[in-house]
Amino acid sequence: RVTEADFPHVLPGETAAISLPLNVPKNGRAYLKITYLLKQGDSLRPVEHELGFDEILLNNEDGRNQTSLKWRAEAAAKALTLPPLTLEENDRQLIISGKAFTYVYDKRTGTFSRLTVDGKDFLDRPMEINIWRAPTDNDAPIKEKWTKAMYHLARSRAYTTDYSLTDEAAEIRSHMAMTAIGVQPMMTMDAIWTIHKDGQMDLNMAVTRDMEFPALPRFGLRLFLPESVNQVTYYGLGPNESYIDKCRASYHGRFESRVKDLHEDYLKPQENGSHADCDYVMVESPTAGLKAFSGNRFSFNASVFTQEELTEKKHAYELKSCGSTVLNLDFRQNGIGSNSCGPELLKKYRFDEETFTYSINLILETGKD
């Protein structure tokens, strides 16, 4: 806490420096949060009412995501004691099995249709590549372009798939596209999935867009997890929802929440509840959980509602839970902007890159008790 007493010889309008005893960790991302409090109250605000805050990224020896490095080290140590993977192939699927898990890869979609660990199914529905979001009020002018481009009906299609299997991992490679009936492919993707002996899944996907299409609403994976997997822990911008251009009310930290509490209950249902600039997110139940992390910061959204439900319904009271925890792991989203009554979204906030690389790492665990 810094007050006027710390600057006894500084006149109004002058500047001064003060040294603070900071215990900066050597590793991981570290921020200094400076909060401004009201010195004298008034009829509307009490003394020490919070006026705002600033956040400063601190320099340290290693600013990498230390949590994901720890998880990787633990996985590598565990894998040393595990037997090699097995892989079976049929016309539609690749079935990868380890000591305690079985993953089923759909060669038609380039995603996994089933993820089972210790006999527990982690997917209520097949995994999806996702580019749609429920339009916000500010998306109204671009919504027509998005629907004309058939973004809301887009699905992934794998044209070719091959694989390799070693003693340490299975690698699946698919050349894919996002398509919808009546339009040309929106983008092509070259995806590489690496499945390690302990069950960790690494995705690296190189994406090239057809620039005749409008800016993307979002890009990432969508997973339908069991409804019981409803506790979220993440490191990123929180605790308020945050987007690339809508994050000034958030700050970096480790946050916890129930999935249902991440929903922002706007009068008109729309995209909400995303958290940007994340290093990792864990979505857990008392007996199982999923960890997602990446060397490239990402955004996530966890909800009891689907984007289709939020798109279709006109009033918040009409919303119905889908019976699953819907987890979006996004490379990024288009900015929110103010185009409902203001100018178009600034170019720097548009999701309009022609090429980008999406990478995410997944760990599935059981036996949390």
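**View 1. Arg 29 is buried, with a relative accessible area of 11%, and pairs with Asp 279.** Buried here means under 20% relative accessible area, exposed means over 50%, and partly exposed is in between (1.4 Å probe, protein chains only). A word on what you are looking at: this is a predicted model, in which local features need pLDDT of at least 70, side-chain atom pairs count only at pLDDT 80 or more, and totals for chains, interfaces and linings use all residues. Residues are numbered from 1 along each chain as its sequence is written, and side-chain values use heavy atoms, with hydrogens and water left out. The side chains of Arg 29 and Asp 279 form a salt bridge at 3.1 Å, N to O; the term stands for a side-chain nitrogen of Lys or Arg within 4 Å of a carboxyl oxygen of Asp or Glu. Asp 279 sits in strand 16 and Arg 29 in the segment before strand 1 (31–37), so this pair ties together parts that are 250 residues apart in sequence. Asp 279 is buried too, with a relative accessible area of 7%. Helices (H or I, at least four residues) and strands (E, at least two) are DSSP runs, numbered from the N terminus. Look also for Asp 277 and Arg 297, which are linked with Arg 29 and Asp 279 in a network of salt bridges.

**View 2. Two further salt bridges join Arg 258 to Asp 261 and Glu 309 to Lys 313.** The whole structure has 26 salt bridges. Between Arg 258 and Asp 261 the N to O distance is 2.8 Å. Arg 258 is partly exposed, with a relative accessible area of 42%, and Asp 261 is partly exposed at 43%. In the other pair, the closest N and O atoms of Glu 309 and Lys 313 are 2.7 Å apart. Here Glu 309 is buried at 13% relative accessibility, and Lys 313 is buried at 17%.

View 3. Ser 68, Trp 71, Ala 75 and Ala 79 are its buried residues. They cover an arc of only 70 degrees around the axis, which puts them on the same side of helix 1; the arc is that of the directions from the helix axis to the C-beta atoms. As a reminder, an α-helix has 3.6 residues a turn, so residues three or four places apart point the same way. At the start of helix 1, a side-chain oxygen of Asn 65 comes within 3.1 Å of the backbone nitrogen of Thr 67.

**View 4. Pro 286 lies in the loop between strand 16 and strand 17.** This proline is exposed, at 56% relative accessibility. Find Ser 228 as well: Pro 286 and Ser 228 are 58 residues apart in sequence and 8.4 Å apart in space, C-alpha to C-alpha.

View 5. A disulfide is counted when a pair of cysteine sulfur atoms lies within 2.5 Å. For Cys 278, the closest cysteine sulfur is in Cys 247, 12 Å away and too far for a bond. For Cys 341, the closest cysteine sulfur is again in Cys 247, at 20 Å, too far for a bond. Cys 278 is buried at 0% relative accessibility, while Cys 341 is exposed at 77%.

How values were computed: A polar contact is a pair of N or O atoms within 3.5 Å; within protein, one must be able to donate a hydrogen and the other to accept it, and residues adjacent in sequence count only if both atoms are side-chain atoms.
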